[in-house]
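Reader: I have a model open on my screen. Walk me through its pocket and its charged pairs, please.

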Amino acid sequence: MRELKVKKTLFLEKMMGKTDGDWRKGCFAMIIGSIRTSIYQIEQCISELLNVNDQLIDAAAKTNKVSHLRKTGSTETNLSTQENYLCLNDGGDIDNPFLVKQRSDVWFEIRNKSKVTGSCIGKAIGLEGLKKQKEFLTLKSMPSQNSQEPNVDPQLQEMFDYGTKNEINAVATVVSGFLPAFHPQAVL
């Protein structure tokens with residue numbers, strides 16, 4: 001639904017660009033009006049689906065008797081008060097990487113020693129094609145002074161940055177929504 005909204009919005013912008021002055025008086029008035037109506041209906045549908053989703057998660061949390069972990073009526077979750085969230089500190093045990101906070105000094109130390117990370121696992125297992133897999137494995141298994149990792153595509157880097165910036169939002173959604181409903185005993 002969101003992809004459809006994006007496509008309709010782009011088409012609307014294109015049509016608006018073809019009109020001069022008030023679009024209601026232009027030759028594309030019927031098309032623009034129809035697109036605007038479609039976008040409104042899509043937004044309403046998305047809103048209703050999100051509401052139903054919240055109701056289902058609330059019902060599951062009540063069934064599991066963990067409603068107190070579920071944050072309703074608020075768009076913010078205070079992770080420090082969530083009983084099912086374990087906040088890792090900046091230190092950590094290099095021998096147990098599962099308990100090391102991401103982007104801490106210890107995490108970077110472990111990551112630099114690792115040949116395959118989450119960022120390059122797709123290349124390592126061949127999801128980007130055999131040629132890129134071979135280049136990656138050659139680079140990692142026989143590093144030379146001349147070989148260096150290729151720069152990340154700017155569009156891909158933008159996605160990585162977006163994920164890094166919004167990771168906390170995903171954690172809050174999982175901790176205050178998904179876990180209480182479907183895995184009430186789990187701690188993230």
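Reader: Which residues lie nearest the centre of the largest pocket?

Author: Keep in mind that this is a predicted model. The largest pocket has a lining of 34 residues. Nearest its centre lie R111, S119, C120, V152 and F160.

Reader: Which helix gives the largest share of that lining?

Author: Helix 3 (105-113), helix 4 (121-124), helix 5 (130-141) and helix 6 (154-182) each supply at least two residues. The largest share is 8 residues. That share comes from helix 6.

Reader: How many of the lining residues are charged?

Author: The lining of the largest pocket has 11 nonpolar residues and 11 polar ones. The charged residues number 12.

Reader: How many residues apart in sequence are the parts tied together by R103 and E167?

Author: The side chains of R103 and E167 form a salt bridge, 3.4 Å from N to O. R103 sits in the loop between helix 2 and helix 3, and E167 in helix 6, so the pair ties together parts of the chain. Their separation in sequence is 64 residues.

Reader: Is K113 buried or exposed?

Author: K113 forms a salt bridge with E109, with the closest N and O atoms 3.8 Å apart. E109 is partly exposed, at 39% relative accessible area. K113 has 61% relative accessibility, and the cut-off for exposed is over 50%. Therefore K113 counts as exposed.

Definitions and conventions:
Residues numbered from 1 in each chain as written. Predicted model: local features only at pLDDT ≥ 70, side-chain atom pairs only at ≥ 80, totals over all residues. Heavy atoms only, no water. 1 Å grid on protein atoms, 1.4 Å probe; cavity = no way out; pocket = protein on both sides within 12 Å on 5 of 7 lines; lining within 4 Å. Helix = DSSP H or I, 4+ residues; strand = E, 2+ residues; numbered from the N terminus. Nonpolar A, V, L, I, M, F, W, Y, C, P; charged D, E, K, R; others polar. Salt bridge = Lys/Arg side-chain N within 4 Å of Asp/Glu carboxyl O. Buried < 20%, exposed > 50% of the residue type's maximum accessible area, 1.4 Å probe, protein only.
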